[in-house]
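These are my notebook entries on one model, taken in the order in which I looked things up.

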Amino acid sequence: MRLSLPQLRRPQWLRVQHAEAIAYRVPMNLSAEHTRRTVAPLNYVISLTAVTADGREVTGLGEAQPRVGQTGDRHDRSWALLDGALKDLVGWSLDLADPLASIRRRTEVLESAAGADELDVAFRCRATVMGIETALLDCAAKASGVTLADLLGRRRISGVPPAPAALREADPEALESYFGRRAKRQRGPVRVICDGDAPSDLLKLEEVLYAWGRESARTGGQTLWVSFRRQLQADEARGVIDALAKWRSEGLAPGRIILQNPVVREETVALQRYADDATAEVLTGLDIRIMARQSGPHGTAELLQQGAGVLRTLHLRPGQAGGLLRSLEQAEQFLAQNPAGHILISQFPGASKITRMAHRDLAVAMPGVQHLTGAADVERRFLLSSRESRLRRSPALRLGMGLRLRYEALVARAQARIFHSSSEIAASGPSANEYSDVNYIAPIGSYAVRGHILEREALAYGLNTVRYNKSAFAATDGAHPLVHFRASRWPLSGVVASSVARNKEATRLLLQRHDCPVPQGRTFPGGAHEKALTYADRIGYPVVLKPAEGTMGTGVTPNIQTRSELSALLRQLDSGTHGSQPFIVEKHVRGNDYRIMVIGDEVFAAVERIPASVVGDGVQTIGQLMIQKNMERQRNSHLGQLRVKFNASAKYMLSKTPYSITSVPPAGERVTLAPTNNLTQGGDSVEILEDLHPSIKEASVRATRAVPGMRYCGVDFLLEDHTKPLEEQDAAIVELNAMAALPVAEYPMYGTPRRISERFMRETIQSYGLTARHQRAERLNLSLQVVGRVRDVGYRRWLARHATSFGLSGWVRAAGENEIHVQASGPTEAVSALVVLAVLGPPKAIPEFVRTEHITQAPPDGFLTPDLEDLEAEDEALGDSTEPGMFDDGADAGASGTDVLEEDTA
């Protein structure tokens, strides 16, 4: 059976030109009551672009849902397999005379390369193999002018109905709502989710059946579908069957019942035989079908062998089976043994439309499929793909799966990327810096890195610390009072200096008195619009409008060209967060933006900040280049989470060019994506101290001295050329930052990194007369006291997992009702990052502070992870009890949030 319109001339082959894979974190609702995940899963989307024998270009899509426990996909080996497989696919030709056989031979090569699963004789990385196979099938279908369903061998015209909505609660309100919705549709089985506790599950089922009977007097010919979240013991499962048989004899239960995942796979066949014997005694007819938990290809084959002629329901999950073609093979084997059998196709939660469409086409090509489950908990606004053509919406016109990849959805979510091409790719500028501590800093987040690198240096010079949160800590040598550090308050710049720097008019006047170049400007009281407009007319456009006080560039609008534009922005400023506060109108200075970092009387670093942009390579689209840029930023310890964004600003900037996100810009052409140079919006940082002209350095030091009590400052300069003297160019200091972010210079995107945190800490130690080491330690042995809600929330295993991933030695153990003790030894960068993680904790933990002290003896090699028995023994000894399952790994939610800091973020 074929539904696609016939193609007059089918090409004989296609050749793969580009192969791409993007790993992305699925946006899911992890707070839903029925969600058992604490970390959003990672999926791979695969895109293959090929050229057919007649010169047409087609793009095939596939998606992998790697789940190590179910599919044998551990990210490190799956990603390596995917990289090698895509590299080998570039230049490979697919025979379109028999595409299924050609693709099957290719996937067999991948299965062999994946190797055997440790827990299963089947191959590993099955979800990854399926993603590649799906992309190849999609390419072949598009090149052949047919749908994916027709390529696989369509068995039916209409689609397979989706699995019904699940009934999770049995309270009267939930039952009334569920059956009220059902009464309007009256189709599909009643699907009930049970927890795996037999007594409560039976009470729940009885309530559901009574409510169902009140809603419909004729339930006999319908189906009850019971899904167990946790498996029962064999005797408990038999008790459920006996109860259902009894209810059927009383006319309460329907004639067909599906029990999904009631027992472990090895007991499925025996339970089905018991159900058949129990139902044979019911005079009014009852068909109970046991559906085993989905499993890999070996487990399914074993189940089919044991249950030949007995099992009548099969659950297939193609990602777990190893692909669409393998799933078809297993379905045919099952139906050969059980011609009247029924099949359920499902995917893991977090599947995108690509997987759902592939399964939809598989379902109409696979005999015996009764239901198809949809994806769960994915945010509705997240659209990974869209229809390739509005004119090809019907199955008769659609080619392949009929989808195109939406790169705009992946710009902010991509975690890793692979790209191989047969075309020569032009270089797109200098190589970005990479940093050895990026894996330690990534879990704590880009905002926490500001305080972290200072605490790292304090510990490296032998000071002890107390950390309160991700942005604040105190350091001490044990003999002097604590020196406090906060991301918005550095000890080298006093409160007076910080207050003056925040007031832009006071700063401008001080700089003028000290002969520093500043733009011509004036401060106006809130609401003085007419005076401001008159002043702007006098000094001439373009001008800059900004609040008189503020940080992080909030409310600053540069390059205002006309009086009407300024008038509109003044009204907007009044209605914003700054309300009727004073504001400044000043002459716009044309030039590039620089942050000059001054400590004492020395310019220690100088960074040019460039607005977010990409440089064309002649092959990739702007969307692909944006993702590639973010992958480069991800290797930067400061910029990793400060991504290039495809937002309203980027759309506006592209609208001023002949390009869109799907355009391929010429090699070497820079496409700007943001109106400002803010690093938090994807801007680039280039360290240029070695080329900075001495006159600019002198003016920066003079500006810092102009503010009383300021010994550390980030001087924001607008310069036409940083290599020329000030007197030969248009230049001005536009702002002083007493709280300038240190990582801007420590982790530049390009240029020479400057260890400014070390210099800052040495200056602080000298200023406060602290006793410290003369040399910076490259390894640390630390003892941590963690106080707060850190018991019974998975804290110890969570911290041990991070310590192990950092390669540290040590241990973690309970020390009291609200206290955890840790010893950690290893490289300074890794151990100090663990201190910040300790104050963040897993989602349910609430650490109050972490006290860190140096110890002389390093703990034994390896980080000791307490097992469940040890944890329970500790808790019992302390008069506390711990339930099993409380120590599941949680998401690093504490590290992923962003605090609102009174700080310049460059």
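I began with the contacts in this predicted model, and found that, among those between residues at least 6 apart in sequence, 76% join residues at least 24 apart. I then counted the elements, and the protein has 29 helices and 34 strands.

I noted a cis peptide bond between tyrosine 541 and proline 542, with omega at about 5°, and I placed proline 542 in the loop between helix H19 (529-539) and strand S20 (543-547).

I also looked up two positive phi values. Cysteine 125, which is not a glycine, has phi near 55°, and this residue sits in the loop that runs between helix H3 (99-114) and helix H4 (126-144). I recorded cysteine 125 as buried because its relative accessibility is 2%, and buried means under 20%. Asparagine 559, again not a glycine, has a positive phi of about 55°, but asparagine 559 belongs to strand S21 (residues 557-560) and is partly exposed, its relative accessible area being 35%.

Last, I turned to charge on the surface, where Glu169, Asp171, Glu173, Glu176, Asp195 and Asp197 gather in a negative patch.

Terms used: Residues are numbered from 1 along each chain as its sequence is written. This is a predicted model: local features need pLDDT of at least 70, side-chain atom pairs count only at pLDDT 80 or more; totals for chains, interfaces and linings use all residues. Side-chain values use heavy atoms; hydrogens and water are left out. Patches are made of residues with over 30% relative accessible area and no salt bridge: like charges are joined within 9 Å, nonpolar side chains (Val, Leu, Ile, Met, Phe, Trp, Tyr) within 5 Å. Accessible areas come from the Shrake-Rupley method with a 1.4 Å probe; for residues, only the protein chains shown count as cover. A salt bridge is a side-chain nitrogen of Lys or Arg within 4 Å of a carboxyl oxygen of Asp or Glu. Lys and Arg count as positive and Asp and Glu as negative; His and the chain ends are not counted. The place of a charge is taken as NZ of Lys, CZ of Arg, CG of Asp or CD of Glu. Helices (H or I, at least four residues) and strands (E, at least two) are DSSP runs, numbered from the N terminus. Contact means heavy atoms within 4.5 Å. Buried means under 20% relative accessible area, exposed over 50%, partly exposed in between (1.4 Å probe, protein chains only).
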